[in-house]
Amino acid sequence: MNTIFLIGYMGCGKTTLGMALARHMHLPFIDLDDYIEERCEATVKEIFAQVGEQGFREIERRCLDEVAAMPGVIVACGGGTPCQPGNMELMNSRGTTIWLTTSAQRIASRLSLPEQKAKRPLIAAMDDNDLLDYVTAHLAQREQHYSKAMLSFDSTLLESIEEIDNTAHALARLLMQE
């Protein structure tokens, strides 16, 4: 089984769906940000503070190289991972890339939850209207990168355990047909 890379904007469900998909397919799951934090023994926020975005992106690329070499894993990438030069090409050459799609409104709704805002300093102070505007604009900028994925898959229905399970099952069936 090839490595499966889940890509898409923050809040599209990469981690939520990735963990459920891993259970359905009996494969290991790796959240790339968690993997980076383990390797660096620091949070992503701390890494950004220590080495800046460019330094973080270099670390991210090295870690992406490592997980891309692991066969048969499901990887939830950071929202910006596909936007860095060469990353989509690497992922497409090493496995199956899946762009998880949902509306800017659904993403903003998910990100507006206090526990989600707390994890994301860029949006922590935004009100709901500003958040929707930000997501809409940012998502449009990133679509050129996300659209390089081999498959796209609707991740709108992830609001309950039943929806998550049903969506993971549908994605697993799609992957088995590939």
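Predicted model: local features only at pLDDT ≥ 70, side-chain atom pairs only at ≥ 80, totals over all residues.

**Entry: the partner of E89**

I found a salt bridge between K148 and E89, with the closest N and O atoms 3.9 Å apart. K148 lies in the loop between helix 7 and strand 5 (151-154), while E89 lies in helix 4 (residues 87-94), so this pair ties together parts that are 59 residues apart in sequence. K148 counts as partly exposed, at 42% relative accessibility.

My search of the whole structure gave seven salt bridges. Among them I looked at those of R57.

For R57 and E53, the closest N and O atoms are 3.4 Å apart. Both residues lie in helix 3, four residues apart, about one turn of the helix. For R57 and E60, I read 3.0 Å between the closest N and O atoms. R57 and E60 are separated by about one helical turn because they are three residues apart in helix 3.

Then I checked how covered each residue is. R57 counts as buried, at 13% relative accessibility, and E60 counts as buried too, at 1%. E53 is partly exposed, with a relative accessible area of 43%.

I also looked up E53 against P28: they are 25 residues apart in sequence, and their C-alpha atoms are 28 Å apart in space. Helix 3 itself covers residues 44-68.

**Entry: aromatic pairs**

The whole structure holds two aromatic pairs. In one of them, the ring centres of W99 and Y146 are 5.9 Å apart and the planes stand at 45°, so I logged the pair as tilted. This pair links distant parts of the chain, with W99 in strand 4 (residues 95-101) and Y146 in helix 7, 47 residues apart. Are these two buried or exposed? W99 counts as buried at 16% relative accessibility, and Y146 counts as buried at 0%.

**Entry: a charged patch**

Last, I looked at the surface. D127, D128, D130 and D133 gather there in a patch of negative charge. One of them, D128, is found in helix 7 (residues 128-146).

Conventions. Residues numbered from 1 in each chain as written. Heavy atoms only, no water. Patch = residues over 30% accessible without salt bridge, like charges linked within 9 Å, V, L, I, M, F, W, Y side chains within 5 Å. Areas by Shrake-Rupley, 256 points an atom, 1.4 Å probe, with all protein chains shown as cover. Salt bridge = Lys/Arg side-chain N within 4 Å of Asp/Glu carboxyl O. Lys, Arg positive; Asp, Glu negative; His and termini not counted. Charge placed at Lys NZ, Arg CZ, Asp CG, Glu CD. Helix = DSSP H or I, 4+ residues; strand = E, 2+ residues; numbered from the N terminus. Phe/Tyr/Trp six-rings, centres within 6.5 Å; stacked < 30°, edge-to-face > 60°. Buried < 20%, exposed > 50% of the residue type's maximum accessible area, 1.4 Å probe, protein only.
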